[in-house]
Amino acid sequence: MKATPILSVEGLSKRFGGVHALEQVSFELFPGEVLALAGDNGAGKSTLIKAISGVYRPDDGRILYKGEPVAFDNPRQARDLGIETIYQDLALADNLDIGANVFLGREPLRRLFGLLPALDRKRMRQEALQAIETLDIEIKRLDVPVRTLSGGQRQAVAIGRAIYWKAEILIMDEPTAALGVPEQRKVRALVEGLKEQKVGVIFISHNLGDIFAVADRILVLRRGIMAGIRRTADTDADEIVKLMVGG
Ligand SMILES: Nc1ncnc2c1ncn2[C@@H]1O[C@H](COP(=O)(O)OP(=O)(O)OP(=O)(O)O)[C@@H](O)[C@H]1O
Ligand SMILES: [Mg+2]
């Protein structure tokens, strides 16, 4: 019996003026599966995840989440359903602390004197701490602005946020590009943890080492079209590079 996909993408197309950024892309993602998106610069990888996460409306095709067609007007709607995205620039608010970042846009309120709504900062920090602790990452203080953290710690905050909100799909655009080797390892370990929790993960990477270390399947895009999709166990770096460059 085949499991139900958590996400199905059917014939997705997106054009920017005359540029066919995506042409008829289709794939499925299963719970606990890690799918890597590979492709050269400009191949359409970021456009594909933005079409899934509500940044862009596709021009054609459809997206099914747990078997139901969905169309998002903005990323918030996708997040509310359980599709969290960590964009290339990480999308953290640099001047806010970790707790505030975990709750960004979804802040809990308490009532002052039973009347005035106010941000519940204490609760935000406590719950953020729990989320970060489950990640087993070294962060000494939670009340410092996120801009003072390293790349790996920032990545952990973003992943912690996704876990806290019980994301069922986590999409990451180049999660390890700006990281040192130990931090890259950490992110790989975090992705393994998400797999165990049955989260479906889509990640973009130019790093074939990362891709072969964590992905179950690899989807290769070339100038907006699907050059191929392979099980990691059935392919090698050579074949993936050939699919990327064509010919
Ligand atoms: N907002 C936009 N407006 C116009 N053209 C765009 C826009 N976003 C992307 N494109 C074009 O669509 C194509 C795909 O871009 P995309 O950013 O999806 O590539 P990518 O695979 O993520 O590349 P990279 O690896 O460099 O991040 C490119 O030709 C790009 O110039
Ligand atoms: Mg990109």
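**Entry 1: around the ligand**

I began with ligand 1 and looked up what surrounds it: F16, V19, A21, G39, N41, G42, A43, G44, K45, S46 and T47. Two elements give two or more residues to this shell, namely β2 (19-29) and α1 (45-52). I noted that this is a predicted model, and I kept that in mind for every entry below.

Which element gives the largest share of the shell around ligand 1? I found that α1 does, with three residues. I then sorted the shell by residue type and got four nonpolar, six polar and one charged.

**Entry 2: the helix α1**

I wrote down the buried ones by name: K45, T47, L48, I49, K50, A51 and I52. K45 and T47 were already in my notes as part of the shell around ligand 1.

In what order do the strands of its sheet run? I read β2-β1-β4-β5, an open sheet of four strands with antiparallel pairing. At the edges I found β2 and β5 (68-70); each has a single partner strand, so one side of each is left without a neighbour in the sheet.

Then I took a closer look at one pair. Strand β1 (residues 7-16) and β2 pair in the antiparallel sense, and I noted seven bridges between them. Within this pair I asked which residue R15 faces in β2. R15 stands opposite H20.

Where does α1 go in this picture? I found α1 packed on the sheet, where it touches β1, β2 and β4 (60-65). The direction of α1 makes about 60° with that of β2.

**Entry 3: the whole chain**

Finally I stepped back to the chain. How many helices and strands does the chain have? I noted eight helices and 12 strands. The chain has 247 residues, and buried residues make up 39% of them. I ended with contacts between residues at least 6 apart in sequence: 65% of these join residues at least 24 apart.

Methods
Residues numbered from 1 in each chain as written. Chains lettered and ligands numbered in written order. Predicted model: local features only at pLDDT ≥ 70, side-chain atom pairs only at ≥ 80, totals over all residues. Buried ≥ 20, exposed ≤ 12 C-beta atoms within 10 Å, placed from the backbone. Contact = placed C-beta atoms within 7 Å. Near = placed C-beta within 6 Å. Nonpolar A, V, L, I, M, F, W, Y, C, P; charged D, E, K, R; others polar. Pairing = 2+ DSSP bridges. Axes fitted to C-alpha atoms, helices over the stretch in contact; angles between N-to-C directions.
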